[in-house]
Amino acid sequence: MSEYLVVLTRRAVKWDKVVDPQHRTRKSIKVKRYCRKGIPSSQRAQVWFDISGARKRWKHGQGVYKRMLDSTKDAQVVESIKIDLHRTFPENIHFTDDLSSKKESLFNVLSAYAHYNPTVGYCQGFNYIVALLLLVVKQEEHVFWLLDVLVTKRLPDYYSSGMQGLRVEQGVLDELLWWKMPALAQHMKTIGVDIAIPTTKWFICLYTDVLPTETVLRIWDCLFYEGSKILLRVALNLLSLNEQKLLACNDFVSLCDGFKNVTKSSETVDCHNFMETCFTVPGSLPQRKIDKLRSKKQEMLTAAVSTS
Amino acid sequence: MYFSWAVDLDPKGANNQIKEAVDKRYLPEDDDISIDDVDLTGEVGVERRASLEAAFLEEIFHIRTSDQYLGKICQFKLVLLGESAVGKSSLVLRFVKGQFHEFQESTIGAAFLTQTVCLDDTTVKFEIWDTAGQENILLFIFIKSFVRYHSLAPMYYRGAQAAIVVYDITNTDTFSRAKTWVKELQRQASPNIVIALAGNKADLANKRVVEYEDAQSYADDNGLLFMETSAKTAMNVNEIFLAIAKKLPKTDPNAGGQGAGQQRPKGNVDLQERNQGGSGGCCK
């Protein structure tokens, strides 16, 4: 771990030259590269807010958050959020105590957002995402806009009803698997384990409550800058690092168990190295190819829905 | 009724007992060789332990694991359904690990666990799918059009031979939702599916709003197994799984689960597992 401290210190010195608390951090090739190498925790809140476009939305939407907080709430939505409040990181000290302000903030952001974006509403998984955002970003209002940017801009339609974007994404991942790791893809097909089984939670929660927190934050550093492709890279990297183990699982039960262990392997803890391998191990993933696969999968899904 | 070592319906514990007994009995106790010297790891170790265990069973219980005398091994897929926060994951956690967490994290997607129960001459192995309670994620998992697109649904209740539909006795809405699930299962799932209705959180009797009799008569009308359960106190948790295990057809060769019939590489947990040969059916 001390090695990682050295890395962090080195990165912090570099970041100090790019981030000015008085001004918005602008996007550039350099900042993109820096994000891949990790944003120092002291600057993470500001950098996320700047590079994701959340600041812009916040600026244009002055007063929106407060209005949403004060608006009359749909009882059912409130109920479903309340059910999850004490089931979100129950072992984290910031979310254990009933009087804890973070729990209240969690409720505020989730309910405000559900009413701001009623087509999405409250989707389980938001509870983990917002909770982690609140641990990094102090202001509720900033968290609110970061969530909005994720849901409507950085991620392709994961959470709207029917979660079509998520299905498409899993279809894309499946195709990428056939391309990058055909043996594993064939093995999963033979045994009958669909890629959706292990990865639904990965995508819905953006790896929170799936991978170690520091690793998740590093993934989000890229997510807020570059968008959802990093989620595919992480998935491919996880599968690739564990490919041999998964290939050795000879039946449905053991393969499902094997997938459970994929996110617990020691490689995921060493986040700096893990992030590096996310960009090297799966190899090139041209955006054009992903876009093409996405529209192909989208068409298939639309056709399937309309004929059923 | 059960093998004496499985009376507590804790096959893992039972296996540990056997392992301990095997260790004591068959591993040399003199000073020449210590237990540590006998390698029970790796492939050879697994084989070795297997033969030790078989010898032990044969001698103590007059059970022969090597032939049909031990009886059938059945593998069944079971799915848990019900409204958010009624205690689906808690029931599974209690059944599989004997644990209870006051604040169980919400399940996203579906979680997969296995557990074995022994009854008479049959070992029933459950593949348990614990699902998310929230509607949109469930829709995502179950929606019919998805079958064609992604063939995901068959992996959940389409192939399930058993289902536990859970409600919370302190919340009427969850009971209505449970009824909807029962209807859905009766319409969609395989016709022979065994459905159990579990009225969970029975420890909160002072907050009860769903009467036992109402649920019982609903269950009777629909041919469901019914028990009130408490994952917290463990009341009726093993019992409901056992009741399902008893009711499941154990002779139908077509009733096998997806994972049945293949040997697991681990091979060192369940005694009977290695007997599972290459048949596609659930039972042997």
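Q: Axes here are lines fitted to C-alpha atoms, for helices over the stretch in contact, and angles run from 0 to 180 degrees between N-to-C directions. The model is a predicted one. With that in hand, at what angle do helix 6 and helix 8 of chain A pack?
A: Find helix 6 at residues 75-85 of chain A and helix 8 at residues 101-116 of chain A. Their axes lie 10 Å apart. The packing angle between the two helices is about 150°.

Q: Are helix 6 and helix 8 of chain A roughly parallel or roughly antiparallel?
A: Their angle is about 150°. Angles over 145 degrees count as roughly antiparallel. Helix 6 and helix 8 of chain A are therefore roughly antiparallel.

Q: How many nonpolar residues are there in the contact of helix 6 with helix 8 of chain A?
A: Helix 6 of chain A brings A:Val77, A:Val78, A:Ile81 and A:Leu85 to the contact. Sort the contact by class and you get one charged, one polar and, for the nonpolar residues, eight.

Q: Is the crossing of helix 1 and helix 2 of chain A left-handed or right-handed?
A: Helix 1 covers residues 2-18 of chain A, helix 2 covers residues 29-36 of chain A, and their axes cross at roughly 150°. That angle is over 145 degrees, so the two helices are roughly antiparallel. As for the hand, helix 1 of chain A passes helix 2 of chain A in a crossing that is left-handed.

Q: Which residues of helix 2 of chain A meet helix 1 of chain A?
A: The axes of the two helices come within 11 Å. On the helix 1 side of chain A, look for A:Lys14, A:Trp15 and A:Val18. By class, this contact has four nonpolar, two charged and no polar residues. The helix 2 partners are A:Lys30, A:Val31 and A:Tyr34.

Q: How many bridges join strand 2 to strand 3 of chain B?
A: Strand 3 of chain B spans residues 122-131, and the two strands run antiparallel. One of the bridges pairs B:Leu119 with B:Thr122. The number joining strand 2 to strand 3 of chain B is 10.

Q: Which helix does the chain go through between strand 5 and strand 6 of chain B?
A: Strand 5 (residues 194-200) and strand 6 (residues 225-228) of chain B pair in the parallel sense over four bridges. There, B:Ala196 stands opposite B:Leu225. The β-α-β crossover from strand 5 to strand 6 of chain B is right-handed, and the helix on the way, at residues 212-221, is helix 7.

Note on methods:
Residues numbered from 1 in each chain as written. Chains lettered and ligands numbered in written order. Predicted model: local features only at pLDDT ≥ 70, side-chain atom pairs only at ≥ 80, totals over all residues. Parallel < 35°, antiparallel > 145°, perpendicular 65-115°, else oblique. Left-handed = near helix turned anticlockwise from the far one by under 90°. Contact = placed C-beta atoms within 7 Å. Nonpolar A, V, L, I, M, F, W, Y, C, P; charged D, E, K, R; others polar. Pairing = 2+ DSSP bridges. Right-handed = clockwise from strand over helix to strand, strands pointing away.
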